[in-house]
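Hi there,

Here is the structure I promised to pass along. Please have a look at it first, and then read on for my notes.

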Amino acid sequence: MSYPTDRKYTKEHEWITADGTIGITTHAQDSLGDIVFVELPKVGTDITVGKPFGTVESVKAVSDLFAPVSGTVTAVNEALATAPEQVNKDAHAAWMVKIKVKDPLEMNALLSASDYDKFVSEEAGH
Amino acid sequence: MRYLPKSPADRAAMLQAIGVRSVDELFSPIPAEFRLQRDLAVPRQMAESEIVDWFKQRAKENGEGYTSFLGAGAYFHYRPVVIDALLQRGEFLTSYTPYQAEFAQGTLQAIFEFQTMISELTGMDLANASMYDGSTGAAEAVMMAVRITGRHSAVIARNLHPEYREVLNTYATHQAIPQKLVGFTDAGQIDLKELEKAVGDDTACVLIQSPNFFGTIEDVEAIAEIAHKRGALLIVSIAEAVSLGIVEPPRKADIVAMEAQSFGVPLGFGGPYCGVLATREKFVRQMPGRLAGQTVDKNGKRGFVLTLATREQHIRREKATSNICTNQALVALMVNIFMTVYGKIGLRELAKQNLAKTAYAADQFSKHAKVRFAGAPRFNEFVVQTSEDPYAINSRLLGHKIVGGLPLKKFYPELGHAALWCCTELTTRSMIDTAVGLVAESERSVLSKDAEPEEVTR
Amino acid sequence: MKHITRKATRHISQNEGLIFEKSSPGKAAWKLPPLDVPEVDTAKLLGRQERKDLGDMPEVSEIEIIRHFTRLSTWNYAIDLGMYPLGSCTMKYNPRVNEFVARVEGLANGHPYQAEKISQGALRIIKTLSDCLLEITGMDAITLQPAAGAHGELTGLLLVRAYHQSKGNARKKILIPDSAHGTNPATAATVGYAVENLKSNDRGMVDVAALAAQMNEDVAALMVTNPNTLGVFEQEIHKIADLMHDKGGLLYMDGANMNALVAKTRPGDFGVDVMHLNLHKTFSTPHGGGGPGSGPVAVKKILEPFLPTPVVITKPDGTLGFEYTRPQSVGRVRAFYGNFGMFIRALAYIFANGPDGLRQTTEDAVLNANYIRKGLEGVYDLPYSTPSMHEVVFSDKLQSKKGVKTMDLAKRLIDYGFHPYTTAFPLIVAGALMIEPTESEPKEELDLFIEAMKSIAEEVEEDPQFVLDAPHNTRISRLDETTAARKPVLRWKPEHA
């Protein structure tokens, strides 16, 4: 699997672009299975790096969404409220929130596409 | 032991197959010092006939054959015979929560029909499969409102069932939900002016009961307006479900927390009953309790499953909407069958009879005592104020095999010698006349003793 | 079908729509007696509060109702039809005399607010059951008010909190083993405690060393299920109790598996401070498709002052009554006195058993679980070899190599005429098959079950897809749960709406 190189990744399987758009990875949606609900914060909410800011639900599991970096929510993908299956169809296009990044330096701590790919294959090896 | 299906030979064969010499070996994980070496001191094994006799004796000591005017959250209505006939089918009685949908379609479809009828009756979009009872349901509704609004305090009507308020106190204490109580007017209804002042920007919800504890019907629309104006939700508790046959449902409420006992559930000395929550579609993911939903199977055939389970404790654990697991499914089935029997027309006619009996009784009582809260519409309960302590009146009534109204002093000291009386379709005119006659007699004798009657006519 | 099943045969079952689809104006299943008081003018009495219409409520006749619910009932599996091996749920026989005595008029129609003088029968039932449960658990005091197990947990933790509060510090957290029921952490959160997970050791028990390391003055209590959800007795339970008590903490026992202990050992004797019972598990009250339950909470003396109000007391004149004034009480957890109807059933069950019957019942439950374990060992992976009490937990490790998971095996078991075991729980076993036969199964039924499970294991080897597509013999095949959750349809609506 090759991951888009226009963004950074977390070990909790979120991606974030340079302009602060956040979503979950293809690998994440695959291990969750059919996603039935996405719960997202309201515009204006402050999110903190490493802390949960929302949840994704499959039929029998709930997973927290962790903030890759800190920031303030500027937009929420409302379409996911009625069509959560978009995340399954194309996780790298189905963004969840856009944030105004508080400290761009925090981005440096995140994984590159190739590092993330390596991380995922190592994780699967366990 | 007659419930155990094994012969000594079976047991011996099984022990041999397992490879142990005695059943005690199977209990060896229990440290020896904690193994019980004696018989439990419980009653000896009894024959079925003895068990039946014992409980029949207890029934005789339990008000069998008395006429009762008690309501206050537990109502004596007729239970159609078909309810118990169907309920005792083993496939309902002895099945588990329908997690394996393919093998539990009967229970699931019944829950779906229950949810539909409760939504229809309460005027809400949807309802859950049941909660423990009306009191815990109301407490859960308040916690739900706190989650939805992100606010922390609750405004509670004082004329909400006092025991519901007690339960809410217990639940709210550790959730850090401060409560404000709002009193009632001379009509027994919530004091709207006081309510207006009590609701603030941190109010998650206003919780009222209608018909309220005194039997009076609240102006739900006016209350909803006050709550919604400040962004708070309105929760309406309904303790007397039969009222929904003739009283406009609380369509402006955000959550209805209902006790459905009136719909075919025996009084049973207080339980098991059937709580249920109903709400608007947009709040469904914050609602506790099981939900059955319609879907299709691989071949496109209609079927039902428990759904939105991610709200529940077995998945979300400490983040669940509630810790509730077991609910009141079998009792909900009684309610379901009752609603089906009476249906669209019968529920209204039944409610009308309740209304008529109560109107007659209140009218008769008012000739000899004061009927409080006369200024507002009521359903099947009313408050009678007497010159004598109602406990004393009731103890005389007991001599005539009549159980009088519930004395209110314990819950509302300011009401003095007041008692809450209830009539249903099962209360006959002659029962009412007898009770009124006895109360009138006691009133006359008290009045003749006191030259200056006090408080009676005020 | 590839393999023959001896337990079940397909047969015709009736189709049935929703009750609303049978409704039409003018049909009725009710008849009220003539009104013996004057008719009322509803408009005058109620004004704008009068409801004019009941919308889509059904109108059907009595025979249709009987057929409707009877047909629905035939689509359910039930204990009355056979073994229901749901681990941790304790699906045992529900004696019919329990149902009979619960419906005796004076008990069924007793009003919760009737005077104590005419409530002596109900109070005697509460008192007698309380005494029996205290003797069975070895505890000192009890409340029957909680409506179910999780409600009992809530009550128990409220007591824990009140106890610590009375010592000046409510403490902060509850320790919960990773094998626990989901209700445990959910309850701790409801009572305002943080949850701290406790890892199990390689024998599937509480790791005493880990507990010692985690235990401190911030811990209010440890919630432990014993036997735990693997069906394993916590052999070091007394050490666990000592560890808790040494640091001022309390030991809470989730009594969901008390049916493995009755008359063989008593939690009160091995150091438990507070516990709940599930009358709908151990004491045979029916599960009824999901409830009602009843979750009495038994405590040691130190917790008695905090019990919910009211409590039943014996008065100086020998009669029974309720005591409401208890200044240290946590308050009410439910209106009235609890699920009284379940008390009647549980007590009738205890009467039918007596001390000898209760002991034999526990022994048979443990015997049955071990017989199944022996019968399926090798066929299914046994993740923990620690001795089993009343239930046994296998995993789908062997079968998942062929892509067949515990839920698939469970669905195939339906075709063999058995209700599935509990799947995917406890969480510490990946792909768990949790099997609890209870004492109610004869040897023949157990043999059929073992045979069915072996046969399914063979099918997995021969044709895994056939198992993945199960069930094959039910009215409906596997349901689309994803769409049900994405676009919830939670009530019926008429076509025209």
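Let me start with a loop: C:S88 lies between helix 2 (62-73) and helix 3 of chain C. Helices here are DSSP runs of H or I with at least four residues, strands are E runs of at least two, and both are numbered from the N terminus. C:S88 has a positive phi of about 75° although it is not a glycine. Is C:S88 buried or exposed? It counts as buried because 21 C-beta neighbours lie inside 10 Å. The cut-offs are 20 or more other C-beta atoms within 10 Å for buried, 12 or fewer for exposed, and anything in between for partly exposed, with C-beta atoms placed from the backbone.

Before the rest, some housekeeping. This is a predicted model, in which local features need pLDDT of at least 70 and side-chain atom pairs count only at pLDDT 80 or more, while totals for chains, interfaces and linings use all residues. Residues are numbered from 1 along each chain as its sequence is written, and chains are lettered from A and ligands numbered from 1 in the order in which they are written.

Most residues other than glycine have a negative phi, and most peptide bonds are trans. C:A424 has a positive phi near 55° and sits in the loop between strand 11 (422-423) and strand 12 (432-435) of chain C. C:A424 is partly exposed, with 18 other C-beta atoms within 10 Å. There are cis peptide bonds too: one runs from C:G291 to C:P292, with omega near 0°, and C:P292 is in the loop between strand 6 (274-277) and strand 7 (297-299) of chain C. Another joins C:A470 and C:P471, with omega about 0°; here C:P471 belongs to the loop between helix 14 (464-468) and helix 15 (481-486) of chain C.

Now to the contacts between chains (two residues are in contact if their C-beta atoms, placed from the backbone, lie within 7 Å). Between chains C and B, 173 residues of chain C are in contact with 162 residues of chain B. On the chain C side, helix 10 of chain C gives the largest share, 23 residues. That side divides into 91 nonpolar, 49 polar and 33 charged residues, where Ala, Val, Leu, Ile, Met, Phe, Trp, Tyr, Cys and Pro count as nonpolar, Asp, Glu, Lys and Arg as charged, and the others, Gly among them, as polar. As for chain A, 6 of its residues are in contact with 4 residues of chain C.

Helix 3 (residues 48-60) of chain B is worth a look as well. Its buried residues are B:I51, B:F55, B:R58 and B:A59. Seen down the helix axis, they fall within an arc of 105°, so they line one face of helix 3 of chain B; the arc is that of the directions from the axis to the C-beta atoms. These buried residues pack against helix 3 (96-102), helix 4 (105-108), helix 5 (120-137) and helix 10 (340-376) of chain C.

Finally, chain B has an open sheet of 7 strands in the order 2-8-7-6-5-3-4, with mixed pairing (strands pair if DSSP finds at least two bridges between them). Its edge strands are strand 2 (126-127) and strand 4 (179-182) of chain B. Strand 7 (residues 255-259) and strand 8 (residues 275-279) of chain B pair in the antiparallel sense over 5 bridges, and B:V256 stands opposite B:A278 in strand 8 of chain B.

Best wishes
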